[in-house]
Amino acid sequence: MATKIVVEPVFEADFKDCSYGFRPKRNANQALKAINEEVNKGCLWVIDADIKEYFCSINHEKLMLLVKQRISDRRILKLISKWLKAGVMENGKIQESIVGSPQGGVISPLLSNIYLHYFDYLWGKKYSHLGRLIRYADDFVVICKGWENAKFSMRAIKEIMRKLELKLHPDKTRFIDLWNSKEGFDFLGFHHRWKKGKTKNWKKFWDLYQYPSQKAMKKMRQNIKQVFQSRATLLLDVKDLIEIINPKIVGMRNYYNLRFSYHELCKIDWYIKKKFTIWHNRKRQKSHRHCRIEKVCEIIYKQGLKRLAVAEC
């Protein structure tokens with residue numbers, strides 16, 4: 001961490017605006033906003049890409065060459081090189097690291113951004129006219145004006161990845177035509193789809209709808225389910241259980257509460273109500289799991305349970 005604190009500002013001076021992952025004062029919500037702005041300009045062709053086994057595929061020599069462009073202190077360079085080659089212990093045996101960055105290490109996200117900065121730099125210098133690159137760690141999208149631009153963008157991406165000795169995931173990399181497509185694409189936990197909406201005055205308009213993806217919905221339900229999984233929760237008072245679950249609700253709300261997320265978040269609120277009702281009935285040894293749900297909802301919201309959806313469902 002001490003090394004990261006010293007080294008990070010040096011590279012931050014060079015990092016491009018298209019990169020949002022694992023950087024100070026930059027986050028996923030800013031990347032989502034950039035996608036929204038670009039699509040609403042009329043750029044409706046999207047390349048949704050994912051780098052196959054990225055953290056395990058980083059070439060050490062090329063990474064160190066990129067690091068040396070900004071760092072000249074031999075002690076720091078030697079330290080980073082040793083981290084890369086430290087290896088992994090599995091079943092009591094050490095396996096040498098020939099390629100890849102140590103996952104879980106404090107400095108690993110910075111090293112991964114340094115390696116892909118070459119991609120950001122080349123795109124900005126040679127290919128920015130084809131489309132806008134928005135990258136979050138090893139996941140990225142390129143938003144283009146038309147099919148021709150998208151086609152040439154894919155060729156450019158593959159060429160840059162070849163230079164970095166990386167490969168695109170064949171199942172997770174695809175073209176999306178937002179104008180004609182009925183499926184949209186998932187990125188950063190949100191599903192993005194170009195849809196026709198209506199104002200309060202029933203005027204029609206087109207907009208990019210961003211709401212939690214099915215995978216994100218499943219993850220949120222699992223996050224709530226874990227709280228109620230242990231039988232030890234039956235010993236808790238309702239207020240104590242609410243104090244445990246409220247930080248989770250606030251955390252999910254802070255990330256997922258975008259303009260078109262309301263209806264999806266209402267589903268999670270309803271799931272929380274059901275879980276509390278089941279817990280309440282088990283605690284009082286009621287035979288019917290979902291009975292008195294309205295009464296339970298009244299109790300938990302009086303005791304201060306937070307809502308994911310901002311307005312009442």
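Two strands are counted as paired if DSSP finds at least two bridges between them. The legends below describe close-up views of a predicted model.

View 1. Three strands make up an open sheet in the order 7-8-9, and their pairing is antiparallel. Because strand 7 and strand 9 stand at the edges and have a single partner strand each, one side of each is left without a neighbour in the sheet. From one strand to the next, the twist averages 40°. Strand 8 (residues 190-198) and strand 9 run antiparallel and are joined by 9 bridges, and within this pairing Lys195 has Asp207 of strand 9 as its bridge partner. Helix 2 (residues 28-39) lies across strand 7, strand 8 and strand 9, and this helix runs at about 160° to strand 9.

**View 2. Two aromatic pairs that involve strand 9.** A search of the whole structure finds 16 aromatic pairs. One of them is formed by Trp179 and Trp206, a tilted pair with 5.0 Å from centre to centre and 35° between the planes. Trp179 lies in the loop between strand 6 (174-177) and strand 7 (185-187), whereas Trp206 belongs to strand 9 (residues 204-212), so the pair ties together parts that are 27 residues apart in sequence. Trp179 is partly exposed, with a relative accessible area of 47%, and Trp206, at 37% relative accessibility, also counts as partly exposed. Tyr209 and Phe260 form a stacked aromatic pair, with 3.9 Å from centre to centre and 25° between the planes. This pair links distant parts of the chain, since Tyr209 is in strand 9 and Phe260 is in the loop between helix 8 (238-256) and helix 9 (262-283), 51 residues apart. Both Tyr209 and Phe260 are buried.

View 3. Strand 1 (residues 45-50) runs antiparallel to strand 5 and is joined to it by 6 bridges, with Trp45 standing opposite Cys144 of strand 5.

**View 4. An aromatic cluster, and charges placed over rings.** Phe119, Trp123, Tyr127 and Phe140 are linked into a cluster by ring pairs. Elsewhere, a charged side chain meets an aromatic ring: Arg26 lies over the face of Tyr20, at 4.4 Å from the ring centre. The charged end of Lys151 sits over the ring of Phe152, at 5.9 Å from the centre of that ring.

**View 5. Salt bridges that involve helix 1.** The structure has a count of 15 salt bridges. Among them is the one between Glu8 and Lys4, whose closest N and O atoms are 3.3 Å apart. Both residues belong to helix 1 (residues 2-12), where Glu8 and Lys4 are 4 residues apart, about one turn of the helix, and both of them are buried. In another salt bridge, the side chains of Arg23 and Glu12 meet at 3.0 Å, N to O. This second pair links distant parts of the chain, with Arg23 in the loop between helix 1 and helix 2 and Glu12 in helix 1, 11 residues apart. Arg23 is buried, with a relative accessible area of 8%, and Glu12 counts as buried at 18% relative accessibility.

View 6. The side chains of Asp14 and Arg70 meet in a salt bridge of 2.8 Å, N to O. Asp14 lies in the loop between helix 1 and helix 2, and Arg70 lies in the loop between helix 3 (60-68) and helix 4 (74-84), so the pair ties together parts that are 56 residues apart in sequence. Asp14 counts as partly exposed at 31% relative accessibility, as does Arg70 at 38%.

Note on methods
Residues numbered from 1 in each chain as written. Predicted model: local features only at pLDDT ≥ 70, side-chain atom pairs only at ≥ 80, totals over all residues. Heavy atoms only, no water. Phe/Tyr/Trp six-rings, centres within 6.5 Å; stacked < 30°, edge-to-face > 60°. Buried < 20%, exposed > 50% of the residue type's maximum accessible area, 1.4 Å probe, protein only. Lys NZ or Arg CZ within 6 Å of the ring centre and 35° of its normal. Axes fitted to C-alpha atoms, helices over the stretch in contact; angles between N-to-C directions. Contact = heavy atoms within 4.5 Å. Salt bridge = Lys/Arg side-chain N within 4 Å of Asp/Glu carboxyl O.
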